[in-house]
Amino acid sequence: MKNFVILGAGTAGTMLVHEMLRKLNPNEWKITMVDKDDDHFYQPGYLFLPFGLYQPKDVVKPKHKFIPGSVNFILSEVELIEPDKNQIRLVKDNQVLPYDYLVIATGADIHPEETEGLKEDGWRQNIFDFYTADGAAALGKFLQKWEGGRLLVNVVENPIKCPVAPLEFLMLADWYFSKRGMRNKVELTYATPLSGAFTKPTSSKALGGMLEKKNIKLETDFYAGSVDTSRNMLVSFDERELPYDLLVSVPTNKGADVIKRSGMGDSLNFVPTKKDLLQSEKWENIWVMGDAANIPASKAGAVIHFQADIVVKNILQHMKGKEMTHKFDGHSLCYIESGYNKAVLIDFAYEQEPIFGSYPFPVVGPFSLLKETTINHWGKLAFRFMYYDLLLKGIPVPLPSRFSMAGKVVEK
Amino acid sequence: MPTKVIAGKEVQVNDEGYLTNPAEWTKEIAIEIAKEEGIELTEAHWKVIDFSRSAAASNGASPTLRTITDGSGVSTKELFGLFPKGPAKKVARISGLGKPEGCV
């Protein structure tokens, strides 16, 4: 028997295992999955927790419920990946797991300890994150009793998971405080290391305009160096100071510690990966999916859905000794909640920035791109059901993996 | 593709003034672009520029802020002193590299 091992039973690992199970001969291949815990979080739902739109129970389900019984699913920390020996050392029972093919899908997490003063006495007092389920829930509790003041949202450094989430947070906050009749008591500011609201010109302008309309201030090129909790001040490396009463931070995102321990990552523990083939730069029997890879694509669930198709086909060709012909184009699709039951949709790829137009989604679509509409909002809400019931289980949904210009309007 | 004459040499640039072909870069061009940014290049600046050029040559992409600080031994604070406001972008521009690729 040959061994196919997947590290990580999150969005990427789970989507992939269903596909591989369909494709690999069970008499030839044993499929093993490893994860450190059994909680499968619906991470896009974190955004709704602070505003009481979702409850914590809405964003977590047991991982094993989504993993077919024929898969050998091991709950254990991974001690070390030894790519030169084609094996993995697990913490549980000191098991050594050999592999013929390995898929790394170990994700990314926030690291507030990277920023001086961030995870000290103000943490979970008047400094919160919303990139963890408990952080987002704690922020929700705080907001219920908050009487207003300066709310500062800061992205410490890029890349981060779901780069649009901070914008969504701000726009939902604007709506939340308006509904509570206290918007005039809250000053909303967004401090970002980018030079605009978002990365690429067209969307940066469109989204920046939305922030302005909602009276959300924008502080650009802001690289947070430290938090001075004695004065409630966020200080940049070039010594600009931003005061806050409530700091909502998106801390440095890093790949899993085991990547670092195994000497397989870059300075943020992301695995160097061929951005088209999704194969490790260094080891040809290792593939990397989702947030764990260092590729310049969004760290988001929709991206993983588009990657899975490519990874499966490339692995199968590689197993047969054939040339790998499937290439990931960086395709990403994101709903951006903008408050008042509306959302914006963006659809883009490595070589095409988000632009205006419409996205042709069969039956329920089309959805407008880069414009606020109610139907986009329903699309976003529907995603949670699609996620658990269809996407994770590898049931086909009509979202083609290749980016398409259909419906998009190119400015002359 | 627009071209521009910098330090007496015609080079290809993008809309934002970044060189599009790192091979066209010269030290004189670096000095000239730095001046536009209001920076007088010192030995400390050159250490960062040299590191960034070699990092880009091996990775095919402009180094991020973190790559520069981790690899060149210059601290983030020092880097901001040398290239104020957005050092990664300024370093890339002065070093004749593309704009650092932001993930969307």
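Predicted model: local features only at pLDDT ≥ 70, side-chain atom pairs only at ≥ 80, totals over all residues.
I'll start with the domains of chain A. The domain assignment gives three: domain 1 covers 2-107 + 256-319, domain 2 covers 111-252, and domain 3 covers 332-391. So much for the bounds; now the pair made by domains 1 and 3. Their C-alpha centres lie 26 Å apart in chain A. On the domain 1 side, 14 residues take part in the contact, and domain 3 of chain A supplies 10 residues. Which helix gives the most to the side of domain 1 that touches domain 3 in chain A? That is helix α6 of chain A, residues 301-319, with four residues. By class, this side of domain 1 of chain A divides into nine nonpolar, four polar and one charged.

Next, a sheet, still in chain A. Three strands form an open sheet in the order β15-β16-β17 (chain A), and the pairing is antiparallel. Its edge strands are β15 (224-228) and β17 (241-243) of chain A, each of which pairs on one side only. From one strand to the next, the twist averages 25°. Looking at one pairing in detail, strand β16 of chain A, residues 233-236, runs antiparallel to β17(A) over three bridges.

Last, a helix pair in chain B. Two packed helices are described by the angle between their axes and the distance between the axes. Here the helices are α2 of chain B, residues 43-59, and α3 of chain B, residues 65-72. They pack at an angle of about 110°, and their axes are 10 Å apart. The crossing of α2(B) past α3(B) is right-handed.

As for the residues that meet, α2(B) brings K47(B), V48(B), F51(B), S52(B) and A55(B). From α3(B) come T67(B), I68(B), G71(B) and S72(B). Counted by class, the contact of α2(B) with α3(B) has four nonpolar, four polar and one charged residues.

That is the last of the items.

Definitions and conventions
Residues numbered from 1 in each chain as written. Chains lettered and ligands numbered in written order. Axes fitted to C-alpha atoms, helices over the stretch in contact; angles between N-to-C directions. Helix = DSSP H or I, 4+ residues; strand = E, 2+ residues; numbered from the N terminus. Left-handed = near helix turned anticlockwise from the far one by under 90°. Contact = placed C-beta atoms within 7 Å. Nonpolar A, V, L, I, M, F, W, Y, C, P; charged D, E, K, R; others polar. Domains from an automatic or database assignment. Pairing = 2+ DSSP bridges.
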